[in-house]
Amino acid sequence: ADLNLVMLTTTPSSSTSFIDPKPVSGGSSFSSVTDFSSLTAIGGGADDFFDDVSYKGAFPGDGSGNWLAGLSWLDSNARTPDAVDGVQTCGDITSDTTWANDDPILLTCQVFVKNGATLTIQKGTTIMAYRDDGAGSAPALVVEQGSMINAT
């Protein structure tokens, strides 16, 4: 079953080059979230042990809160991304697209601007790439013949 995580192999090993166990924005981690506000503590009264959040699991979907940071072999060996909030981008751009400067663009795999499409990148846009796409390929932006890039 697809866990709707950004990048996680089903068979991790010491040769796994990179993972990102955070949930995909808008994925299943954000549906049917338990409401803890109505819980009652043992002996009565409000139960303030739990915090209400908008996601299921250990990671919020906004790029923050990577609890693996500083606590795991994965982090100490640079196998997880920094906690950066942004727009996760992967795959083909087949129609005119604009990358705005209000959120960083995070390339999680190779992104191809296909023939006939124009990618406009607003002035001040920050573009970052994961060091690996989880399969050993470097994420990159590739502008194919017949397509255009316009940095304004």
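Two strands count as paired when DSSP finds at least two bridges between them. In this predicted model, that rule is a handy way into the fold, since strands E6 and E9 are joined by four bridges and run parallel. One of the contacts along this pairing can be named: Leu119 has Ile149 in E9 as its bridge partner.

The pairing of E6 with E9 belongs to an open sheet of three strands, ordered E4-E6-E9 and paired in parallel. Strand E4 (97-99) and strand E9 (148-151) form the edges, each pairing on one side only. From one strand to the next, the twist averages 20°.

Attention can now turn to the nonpolar residues. The largest nonpolar core holds nine residues: Ile93, Trp99, Ile105, Leu107, Val111, Val113, Ala117, Leu119 and Ile121. Both E5 and strand E6 (118-121) supply at least two residues of this core, and the largest share, four residues, comes from E5. As a general background, nonpolar side chains tend to be buried together in soluble globular proteins.

The link of Cys90 and Cys109 is right-handed, with 105° about the S-S bond. It ties together distant parts of the chain, as Cys90 sits in strand E3 (residues 87-93) and Cys109 in strand E5 (residues 105-113), 19 residues apart. Cys109 counts as buried because its relative accessibility is 11%, below the 20% cut-off.

A last stop is Thr125, found in the loop between E6 and strand E7 (127-129). Although placed in a loop, Thr125 is buried, because its relative accessible area of 16% falls under 20%. The side chain of Thr125 reaches two backbone oxygens: that of Gln122 at 2.6 Å and that of Trp99 at 3.4 Å. Leaving out residues up to four places away in sequence, Thr125 touches Trp99, Ala100, Asn101 and Ile105.

Terms used: Residues numbered from 1 in each chain as written. Predicted model: local features only at pLDDT ≥ 70, side-chain atom pairs only at ≥ 80, totals over all residues. Heavy atoms only, no water. Disulfide = S-S within 2.5 Å. Buried < 20%, exposed > 50% of the residue type's maximum accessible area, 1.4 Å probe, protein only. Core = buried A, V, L, I, M, F, W, Y, C linked by side-chain atoms within 4.5 Å. Axes fitted to C-alpha atoms, helices over the stretch in contact; angles between N-to-C directions. Polar contact = N/O pair within 3.5 Å; in protein donor to acceptor, adjacent residues only side chain to side chain. Contact = heavy atoms within 4.5 Å.
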